[in-house]
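Please read each one with the structure open beside it.

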Amino acid sequence: MPLEWRHTLEALDWNELSRLYEIAPLGHKRPADLQVVFSNSLFKCLVYADGRLVGAGRAVADGLDCSYICDVAVHPDCQGTGLGKAIVAKLVEFSRGHRKIILYAVAGKEPFYKKLGFKRMRTAMAIFGNEQQARERGLIDDS
């Protein structure tokens, strides 16, 4: 199936994007919240097959020091086809020239990203708005 890649938010159906994150499954992300975060991201990838949104990802970047790749989602019908890898590769390509490219991954997906050249950071830390949920998802290491 031919894929159509878009890198702007024109004509994006925010409800469709929200549904993609739910079925990927990456949790519930409200359409209004997605509009805020995608609009504030320097780089975006939206992938369509037959007019249907099947992949998405974004990178928050400052143009020089840091680009942060996040929210990479692939429709279950397209998982295992290399689409996720292609989205990450495109966001890395857009981010070239930054001193560091950081990626926030779902726990357990680290081997996938390691194959794409990402290295585990020893100094990454976070303050979570919902610490209990982050703990349940395996995102917090108290060691």
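1. A term is needed before the helices are discussed: a helix here is a DSSP run of type H or I with at least four residues, and such elements are numbered from the N terminus. In this predicted model, A134 lies in helix α5, which covers residues 131-136. A134 counts as buried, with a relative accessibility of 4%. Leaving out residues up to four places away in sequence, A134 touches F128, L139 and I140.

2. On the strands, I would start with β2, because 7 of its 7 residues are buried and the strand is therefore largely enclosed by the rest of the structure. F43, C45, V47 and A49 point one way from β2, whereas K44, L46 and Y48 point the other way, and the residues on both sides are all buried. Please note that K44 is listed among these buried residues.

3. β2 has strand partners in both β1 and β3. Strand β1, residues 3-6, runs antiparallel to β2 and is joined to it by 4 bridges, with W5 standing opposite V47. The pairing of β2 with β3 is also antiparallel and is made by 7 bridges, and here F43 stands opposite A59.

4. Which residue takes a positive phi in the hairpin of β2 and β3? It is D50, and the hairpin has 2 residues between the strands. D50 has a phi of about 55° although it is not a glycine, and D50 is exposed, with a relative accessible area of 72%. A positive phi of about 55° is also found at D71, again not a glycine, but D71 is placed in strand β4 and counts as buried at 17% relative accessibility. I would ask the reader to look at both aspartates, D50 in the loop between β2 and β3 and D71 in the strand β4.

5. The backbone has a further feature worth checking by eye, which is the cis peptide bond from A24 to P25, with omega near -10°. P25 is found in the loop between α1 (14-23) and α2 (31-39).

6. In soluble globular proteins, nonpolar side chains tend to be buried together. The largest nonpolar core in this model has 20 residues, and the members that touch the most others are I69, I87 and L91. Two or more residues come from each of β2 (43-49), β3 (52-61), β4 (66-74) and α3 (83-95), and α3 gives the most, with 5 residues. A second, separate core has 13 residues, including L12, L17, Y21 and L53.

7. What does I87 touch once its neighbours within four places in sequence are left aside? The contacts of I87 are with W5, C45, V47, G55, A56, G57, V72, A73 and V74.

8. For C66, the nearest cysteine sulfur is that of C70, at 11 Å, and for C78 the nearest is that of C45, at 15 Å.

9. The aromatic side chains deserve a separate comment, as the structure holds 4 aromatic pairs. Y113 and F118 form an edge-to-face pair, with 6.4 Å from centre to centre and 90° between the planes. Y113 counts as buried at 12% relative accessibility, and F118 counts as buried at 15%. Ring pairs link these two residues and F112 into a cluster.

10. Finally, there are charged groups placed over tyrosine rings. R6 lies over the face of Y48, at 3.9 Å from the ring centre, and Y48 is one of the buried residues of β2. The charged end of K29 sits over the ring of Y21, 5.6 Å from its centre, and Y21 is included in the second core.

Conventions. Residues are numbered from 1 along each chain as its sequence is written. This is a predicted model: local features need pLDDT of at least 70, side-chain atom pairs count only at pLDDT 80 or more; totals for chains, interfaces and linings use all residues. Side-chain values use heavy atoms; hydrogens and water are left out. A disulfide is a pair of cysteine sulfur atoms within 2.5 Å. A nonpolar core is a set of buried Ala, Val, Leu, Ile, Met, Phe, Trp, Tyr and Cys residues joined through side-chain atoms within 4.5 Å. Buried means under 20% relative accessible area, exposed over 50%, partly exposed in between (1.4 Å probe, protein chains only). Contact means heavy atoms within 4.5 Å. Rings of Phe, Tyr and Trp (its six-membered ring) pair if their centres lie within 6.5 Å; planes under 30 degrees apart count as stacked, over 60 as edge-to-face and the rest as tilted. A charge sits over a ring if NZ of Lys or CZ of Arg is within 6 Å of the ring centre and within 35 degrees of the ring normal. Two strands pair if DSSP finds at least two bridges between them.
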